[in-house]
Every structure is written in structure tokens, then in C-alpha cells.
Amino acid sequence: MLQAINFALHDAMTEDSKVLVLGEDVGDDEGGGIIGVTRGLTRAFGPKRVRSTPIAEQAIVGAAIGSALCGYRPVAEIMLMNFTTVAMDMIVNHAAKLRFMSGGQTSVPITIRTMTGAGMSNGGQHSDFLEGWFAHTAGLKVVIPSNAADAYGLLRSCIRDPDPCLFVETLPLYWVSGQTIERGGSIPLGKARIAQSGTDVTVASYGRQVNDAVAVARRLSAEGISIEVLDMRTLSPLDTTALIESARKTRRVIVAHEAVQRFGPGAEIAAVIHEALFDRLLAPVRRVGAPFSPVPFSKPLETAYLPGERQIESAVREILKRSGKGA
Amino acid sequence: MNKATPWVEIFRKMALLKLNDERMRTVIKSGRLTMPYYSTRGQEVIPAAVSVCLRPEDYICTIYRGTHDSLAKGLPVKLLWAELAGRVTGTCKGKGGPMHITHPASGVMVTTGIVGSTMPIANGLAWASQLSGDGRVTVAYFGDGASNIGAFHEALNLASVWKLPVVFVCANNQYAEHTRYAVGTSIDRISRRAEAYSMPGITVDGNEPSEMYAAAATAIDRARAGSGPTLIEALTFRFFGHVFGDDDSYMAPGELAARMNEDPYPRFRQWLVSARHASEDELTAIEEAYSREIDEAVAFAIESPFPEESEIFRDVYAEALGGSIENQVMGSSDE
């Protein structure tokens with residue numbers, strides 16, 4: 001996925017001279033990003049379009065917003081998702097709202113790239129999934145790819161999009177190998193993808209847990225359990241049509257994500273399904289998410305904290321049991 | 001504008017700002033319009049003097065106490081009033097209100113209700129000018145309270161490192177909301193903070209047009225020449241508190257009356273006549289013309305229609321959202 005994001009930035013900058021990249025360490029003199037996502041961009045496009053910044057998240061997002069008001073398409077990197085908290089005013093009060101508050105006179109076509117994820121021994125302030133806060137903010141789009149090909153295509157769409165997009169990269173997915181990236185294409189925002197077709201249970205997910213759900217689906221197919229995995233790809237806008245269509249078919253839905261379960265995106269997704277299909281469902285929607293706790297450091301705790309195959313499988317078995325299908 | 005003698009031009013803007021502020025307070029008091037209003041009375045010299053140095057295509061970012069900054073930059077009075085009245089004919093179709101006036105055609109790019117947030121965005125506007133070479137300068141207006149917020153320090157540092165064509169104009173009106181300057185600020189002069197960011201910093205009497213004009217002209221020329229940012233601290237005083245109608249018991253007894261006695265408006269007006277820059281009749285004619293324009297603007301605003309309810313779902317994103325108040329559908333498609 002690391003390579004896919006680098007290609008997407010490279011191709012977007014080649015295609016449109018208004019595309020800029022800014023953030024901490026993004027320039028080649030600073031190593032092309034702390035793990036090399038922006039490597040080679042300064043050499044290809046020059047230091048005017050690829051600017052390393054001070055460690056100053058409000059200044060980074062502010063500079064992105066201002067340049068976007070003048071027609072540029074900046075891609076601002078906020079190194080880790082927890083650091084978006086430092087720039088919440090710029091993101092939530094300004095980027096998200098300027099179009100509306102100006103009555104459509106101005107727009108803020110920025111992309112904020114940020115990485116996160118538990119499992120890297122980074123502890124409580126470098127690992128959180130906070131996408132629910134942003135999806136709760138009208139005016140923002142929130143995109144979370146689960147694989148390299150999607151990362152490429154979705155990032156290209158974010159950069160072209162006329163609205164501010166938050167693009168969340170799951171850190172441990174950077175190094176997943178063996179995925180082919182088709183350069184040049186793009187994937188529309190707000191359209192889910194069926195990662196795996198099935199008929200008994202839908203697992204609606206995004207990011208890393210999509211891969212976990214697919215693994216569970218493959219494993220349980222041997223027991224005759226047919227799981228449909230829906231990769232939402234974007235949380236905002238949310239593809240309610242795909243959600244409801246899949247739920248109507250399977251009548252059992254699990255929502256799985258890495259964010260803390262309480263008040264998490266899963267609650268909204270569950271509500272959408274219940275509102276549309278309450279009397280058609282065979283069981284209430286089940287949620288799989290992280291415990292209501294900061295991400296712990298100690299390895300066994302961090303492993304237990306991270307929602308994955310184990311939690312998804314157990315949710316599948318429970319929802320089937322509850323709705324009277326053997327498990 | 002004749003740069004050699006900007007005084008009448010500065011007065012012209014001051015007259016508009018003062019008369020407009022007076023009318024706003026009258027209209028709010030009468031109950032014809034309801035809004036939180038952060039009166040600008042007493043602070044007219046600052047944007048009047050800055051704006052005569054700016055070109056129409058230059059940018060400003062301003063704050064909730066910023067209607068004077070926008071009008072001085074060239075915002076049409078009618079559009080301002082319609083916006084304040086929440087009417088669809090306003091700058092922002094009535095969806096922004098007094099704290100979010102935006103009018104790119106006049107260079108008014110952002111008005112924010114968040115203390116300290118003009119500076120980081122002004123940097124971005126200035127960065128765009130630096131990249132495109134369009135020669136524009138951006139002015140970020142803010143108050144003394146904002147100089148204690150992190151965003152101020154982040155933004156000044158970045159503007160200096162990137163040598164951006166931006167001017168930071170701090171209206172130091174002595175109070176951050178209700179808190180006296182020295183209670184919340186670690187330094188005697190905000191302009192001294194410029195030193196920490198390797199940029200020129202100057203404190204001027206922001207109620208004295210000649211001082212304010214000289215500082216603004218120097219800073220704007222410097223920015224336009226590509227020599228980087230400047231911090232201007234303009235000392236002033238607000239005559240009608242933080243938000244219009246609030247209790248002023250936090251001020252020292254007699255302080256407000258003393259400052260109102262030094263009102264820069266009549267003082268400057270008198271000087272223009274005595275120094276023969278303009279006759280009494282000419283100045284009266286300027287004031288009367290603005291009074292009429294404001295009359296027309298108020299009438300236009302009040303006669304204009306309110307926005308349709310569907311405007312709630314428009315301009316949230318480039319593409320209008322589906323749905324209605326009764327049945328909100330915020331997803332990508334209706335179901």
C-alpha cells in the first residue's frame with residue numbers, strides 16, 4: 001500500500017500542476033516521509049510543490065486550506081491520526097465548513113493523509129482510529145482503504161474531489177505485499193465494494209478488518225457458512241444503498257472496525273440498517289470494535305485489544321446461533 | 001487612490017465603518033434584527049489605513065469583530081446587511097452570518113468566529129500567491145487575545161520560514177473578551193513577539209491614521225516585494241465591549257469614558273478640515289452619501305426573502321445532499 005500511495009501522489013502531481021504536497025518530513029531532503037511514502041516527489045516535482053513543514057499541525061492544515069481557497073489541490077500529511085487532534089479547529093471549524101458558511105462561494109479541495117493503527121507497539125497516542133469524529137462532521141469526506149489497489153484509486157479521487165477529504169492509512173497495511181496496482185484509474189468515493197459474496201451473514205467493514213473478515217469467510221465456508229464481506233471504502237459519504245442491499249439479502253449483519261466500539265461508526269451503520277430493515281432482520285446487528293480503552297502498549301494487551309479475525313468469527317457464530325442457524 | 005495624500009481616502013472608509021456600526025447598533029436595539037454583534041466602533045482607523053494600501057485583488061482573513069475590515073476592503077454594504085439579516089441575497093445566502101462574512105470578489109476570503117484562526121489560513125492564501133507569482137498580499141486581522149493562542153505562534157513561524165507575502169495586523173484593544181491585557185499576556189508589547197519569528201514587529205497608535213498608514217504601507221510593500229511577513233500591533237480601544245449589549249463592569253471605572261473622549265473619528269475629521277485636506281462641506285457630503293447607502297442597504301436586507309429550507313442541504317458538499325428536514329438521508333444515495 002505504501003507504494004500505491006506514492007504512485008497515486010506521483011501520478012496526481014504529474015497530471016495536475018495545482019497538486020501540492022506538504023507536511024512534516026515529506027521532502028526528499030528529510031527522507032521523503034518518516035516511512036518513505038512521499039519519497040522521490042521532491043526530485044520529480046521540486047521543493048516548491050513538495051514542502052516539508054515545521055511540526056505545527058495547525059499551520060500545516062491552515063496553509064493547505066488557504067492555498068485550496070485559491071485553487072490549489074494540496075495534499076497535507078498529518079503524520080499520525082492522533083496528531084489531527086492538534087489541528088481539529090482547522091479541519092472541523094474551517095476546512096469542513098467554509099463552503100457552507102460562504103454560501104458556496106469558496107471551497108476547500110484539500111486531502112489530509114494520515115496513518116494509524118494498533119499492533120505497532122506505539123501505545124496510546126500513536127495508534128487510534130478517530131474516523132468517527134470526522135464522519136460526524138458535515139462537509140468532510142472520510143476514506144479508509146483496505147488494500148493497495150483501493151488506496152491508489154481512492155486517493156486519486158480524493159485529490160480530484162472538490163471537498164475536503166480525510167484519507168486514513170492503516171499503518172500495518174503499508175507492507176502487505178503481492179497486490180497489483182493499476183496506475184491511472186480511480187475509484188469513486190461513496191461506493192462500497194463486495195470483497196466476498198455470501199448469503200448467510202454480511203460483515204460490513206473498512207480498512208484492515210475487511211481483510212480479517214475475508215479470512216474468516218474463507219475459513220468458515222468449509223463449515224457451510226456463507227459470509228458476504230462489504231468493504232465500505234468511504235465512511236462519509238456512506239454507501240447506504242449497498243449496505244441495505246446486502247442486509248436485505250443476508251438478513252444478518254455484523255459491523256467490524258478498529259475504532260473503539262462505543263459511539264463508534266458501527267453504531268451509525270447499525271442504525272441505518274435497523275431503520276431500513278428492522279422487521280426483515282433475523283437478529284439485531286452486532287458490532288465488533290475495540291474495547292472502550294486507550295490502545296495499550298504491552299504486547300499481549302495490544303494483541304487482545306485489536307479487533308480481528310477472532311472477534312469477527314465469534315460474532316458470526318453468535319449471530320447465527322441467535323437466529324437459529326447452527327454454528 | 002492617490003498614495004501621496006491618502007487622508008481623505010482613509011476618512012472616507014472611516015466614515016463608512018463608523019456610520020455602519022452606529023446603524024447596526026440602532027437596528028439591533030430596535031429589535032428589527034437579532035444577532036450577536038461585536039461592535040467595531042473606536043477601531044476604524046486600523047482597517048481604513050490598511051485598506052488604502054491594498055489592491056482590490058489582495059486578500060484578507062478576519063474575525064468575528066471584522067465587519068469593518070471587510071467593508072474597508074470593499075465589501076458591498078448591501079450584501080453585508082442582507083447577510084446580517086439572514087437573507088438569501090446576502091454574501092453567503094444568509095448561511096454565514098456576522099461571524100462568517102465571505103466575499104472573494106472583494107478579497108474577503110475568510111471571516112472566522114474562532115480566535116486565532118485567521119493566521120494559519122492567511123499563510124495558505126499567501127503561499128498560493130508565492131507559488132503562482134500573482135503579486136497579491138494577504139492581511140490577517142486578529143486581536144490581542146489571539147496572540148496568546150498556539151495558532152498565532154505556529155503561523156508566524158511558518159510565514160517567516162517560508163517568507164510569505166502576508167501581514168499580521170493585531171488590533172490590541174486592551175481586552176481579550178473581558179480579560180485585561182496584562183492578566184493574560186506575558187509581554188508588554190505583542191510586536192516584540194515578532195522578534196522570536198525573525199520578522200519585523202512594530203507597535204503603532206492604531207487610532208492615529210498617519211502612524212497606522214505608514215506601518216501598513218511599509219509592511220505591505222515589503223510583503224509584495226517578496227521580503228516576507230511583518231507583525232503590526234495597533235493600539236486601540238473598543239467602545240461597545242466584547243459583544244454589543246454586554247456588561248462592562250470588568251473595566252476600570254472611568255476607563256471607557258476616557259477612551260471615548262479620545263474618539264479618533266472626530267479628531268481626524270477636525271484635523272482634515274484644519275489642515276485643509278478637505279472642507280467641512282466635503283466631509284459632510286461623504287457622510288451623507290454613506291448614510292443614504294446604508295439606508296438603502298437596510299431596506300434591501302429587510303425586504304429580501306429568507307433562504308429556502310433546502311439551503312440546509314446545499315453547499316455542505318459540492319454536490320447537494322439528498323433529503324429533507326423530516327427525513328434526513330446523509331448517505332451517498334437515497335433509500
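Modeller: Let's start with strand 4 (residues 111-116) of chain A: six of its six residues are buried, so the strand is largely enclosed by the rest of the structure. Buried means 20 or more other C-beta atoms within 10 Å of the residue's own, with C-beta atoms placed from the backbone; exposed means 12 or fewer, and partly exposed is in between. Strands (E, at least two residues) and helices (H or I, at least four) are DSSP runs, numbered from the N terminus.

Biologist: Before I go on, what's the numbering, and is this predicted or experimental?

Modeller: Residues count from 1 along each chain as its sequence is written, and chains are lettered from A and ligands numbered from 1 in the order in which they are written. It's a predicted model: local features need pLDDT of at least 70, side-chain atom pairs count only at pLDDT 80 or more, and totals for chains, interfaces and linings use all residues.

Biologist: Which residues of strand 4 of chain A point which way?

Modeller: Thr111(A), Arg113(A) and Met115(A) go one way, while Ile112(A), Thr114(A) and Thr116(A) go the other, and all are buried. In a regular strand, side chains alternate between the two faces of the sheet.

Biologist: Which strand does strand 4 of chain A pair with over six bridges?

Modeller: That's strand 6 (residues 165-170) of chain A, in the parallel sense. Pairing here needs at least two DSSP bridges between the strands. Arg113(A) sits opposite Phe167(A) in strand 6 of chain A, and Met115(A) is opposite Glu169(A).

Biologist: And how many bridges to strand 3 of chain A?

Modeller: Five, with strand 3 (residues 73-80) and strand 4 of chain A running parallel. Val75(A) stands opposite Thr111(A) there.

Biologist: What's the strand order in the sheet of chain A?

Modeller: Seven strands make an open sheet, ordered 2-1-3-4-6-5-10, with mixed pairing. Strand 2 (50-52) and strand 10 (234-236) of chain A are at the edges with a single partner strand each, so one side of each has no neighbour in the sheet.

Biologist: Switching topic: how many helices and strands in chain B?

Modeller: Chain B has twelve helices and eight strands. Its C-alpha trace spans about 70 × 50 × 45 Å along the principal axes, and 51% of the 335 residues of chain B count as buried.
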